[in-house]
Amino acid sequence: MTANIIEIDTLIVGAGQAGIAMSEHLSKLEIPHLILEKNRVAEAWRSGRWDSLVANGPAWHDRFPGMLFPDADQDSFVPKDKVADYFNEYVNHFNLPVKTGVEVLSVVKNDQTSGFTVTTSEGVYKIQHLVSATGPFQTPIIPAIVPTVEDLHQIHSAAYRNPESLPEGGIMVVGAGSSGVQIADELQRAGRDVYLSVGPHDRPPRSYRGRDFVWWLGVLGLWDAAATEPGKEHVTIAVSGAHGGKTIDFRELAAQGLNLVGRTASFEGHTVTFSNDLADNIRAGDENYLSLLSRADDYILANGLDLPEEPEAHNLLPDPDCMTHPTFTLDLKEAGINTIIWATGYATDYSWLKVDAFDENNQPKHHRGVSSEQGIYFLGLPWLSRRGSSFIWGVWHDAKYIADQINIQRQYQQYETTQEA
Ligand SMILES: Cc1cc2nc3c(=O)[nH]c(=O)nc-3n(C[C@H](O)[C@H](O)[C@H](O)COP(=O)(O)OP(=O)(O)OC[C@H]3O[C@@H](n4cnc5c(N)ncnc54)[C@H](O)[C@@H]3O)c2cc1C
């Protein structure tokens with residue numbers, strides 16, 4: 001063995017919530033392991049998001065089972081820096097082995113021997129198992145329709161920080177998932193003229209009959225709903241913990257002064273064309289909202305729960321002007337818009353992981369995170385095993401499953417060793 005090659009059973013790449021959960025479960029099983037993190041613990045929560053972001057779920061829910069959020073009202077929505085602090089404290093509390101500031105540069109399968117060789121910015125590792133916990137939201141995606149005119153300031157939502165950091169003038173936000181809708185709302189409240197391009201989405205009630213929607217999704221088994229057809233599960237979900245937690249209601253946002261338009265279809269110079277789908281998208285979102293209310297009502301009835309009635313939650317505001325007289329084209333210059341924020345999602349980057357665990361579209365080939373390359377595991381991806389997989393509480397359960405799979409493999413390997421001895 002070369003002196004500067006470190007041997008360890010399992011390497012976890014990334015010390016976000018996924019890597020931390022993985023380490024906790026491997027520690028419980030006494031599996032020797034190490035987390036390598038190129039930045040700091042929970043860096044995405046620390047520096048990868050806008051200033052005012054709070055967790056989308058209340059503190060009692062968006063956490064790991066082993067520790068409460070310290071000094072927090074458990075029904076409150078914790079600010080992003082406190083989420084990062086929580087994970088830091090978690091690492092200390094459970095004494096988890098993390099090396100920060102070390103980037104994993106490449107992972108290759110060993111030739112004619114088990115395991116993998118991992119090259120990092122600080123040396124080489126020989127390992128038997130690797131868990132990629134590098135995050136579901138790594139590389140910002142901006143669709144190929146961006147306008148090429150020079151006098152437009154364009155950023156991805158990942159680069160947005162606060163209203164003051166944008167040039168004076170109107171703003172168009174493309175994408176109305178949780179990021180786009182919160183950013184547009186913040187900008188409009190800051191006095192900016194804002195257009196929000198709204199595609200298909202789900203929009204659960206923030207709370208209903210005294211329970212937050214995370215509770216409803218839990219008791220109705222919807223967080224746990226299993227992945228069905230790969231690639232078909234993703235639905236943009238518009239939720240927010242901002243302002244103490246409010247239901248996202250596009251009718252209300254229109255009344256508040258946000259200019260809502262349909263999906264952004266194309267640009268020609270300064271002129272943008274929108275699909276004729278705004279009313280359909282809002283109505284489908286309303287259906288989704290109302291269906292959760294009725295499932296909640298059924299659950300209350302079936303289980304004889306004593307929760308307060310909330311009939312007013314079923315009332316929707318009338319169709320706003322933007323639904324009855326939709327805008328199909330807009331000259332950005334004439335409308336005074338000089339900034340576009342693309343809240344259009346993220347892709348993953350596995351260029352460092354040079355193993356046979358990807359399909360023809362470069363997507364991980366796996367079942368519940370166990371990949372097609374033996375010894376390689378994925379964690380934290382949307383719908384890895386269920387709806388909750390990319391969220392704080394869900395990743396903890398997926399990590400438990402993967403730790404068990406690694407343990408099972410190790411036990412088989414140890415059996416062979418015993419026979420050979
Ligand atoms: C705006 C926004 C708000 C969200 N709000 C919530 C919420 O309220 N509640 C909730 O449950 N979920 C929320 N999520 C979803 C999810 O919880 C977060 O995205 C979370 O950060 C994912 O954790 P992760 O550990 O899987 O990945 P990340 O937090 O992205 O961690 C991956 C880590 O891997 C490191 N890394 C990557 N490549 C390498 C490499 N080659 N070598 C070494 N290290 C590497 C990165 O530096 C990073 O620290 C939100 C997501 C977004 C985008």
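In this predicted model, 18 residues of domain 1 are in contact with 22 residues of domain 2. Contact means that the C-beta atoms of two residues, placed from the backbone, lie within 7 Å. On the domain 1 side, seven of the touching residues are nonpolar, eight are polar and three are charged. Here Ala, Val, Leu, Ile, Met, Phe, Trp, Tyr, Cys and Pro count as nonpolar, Asp, Glu, Lys and Arg as charged, and the others, Gly among them, as polar.

Domain 1 covers 5–138 + 348–420, and domain 2 covers 141–342. These bounds come from an automatic or database domain assignment. The C-alpha centres of the two domains lie 30 Å apart.

Residues are numbered from 1 along each chain as its sequence is written. Local features need pLDDT of at least 70 and side-chain atom pairs pLDDT 80 or more, while totals for chains, interfaces and linings use all residues.

Now the strands. Helices (H or I, at least four residues) and strands (E, at least two) are DSSP runs, numbered from the N terminus. Strands pair if DSSP finds at least two bridges between them. Strand 1 (residues 5–13) pairs in parallel with strand 6 (residues 123–132) over eight bridges. There, Val-13 has Ser-132 as its bridge partner. Strand 1 also runs parallel to strand 2 (residues 33–37), joined by four bridges. Ile-12 is bridged to Ile-35 of strand 2.
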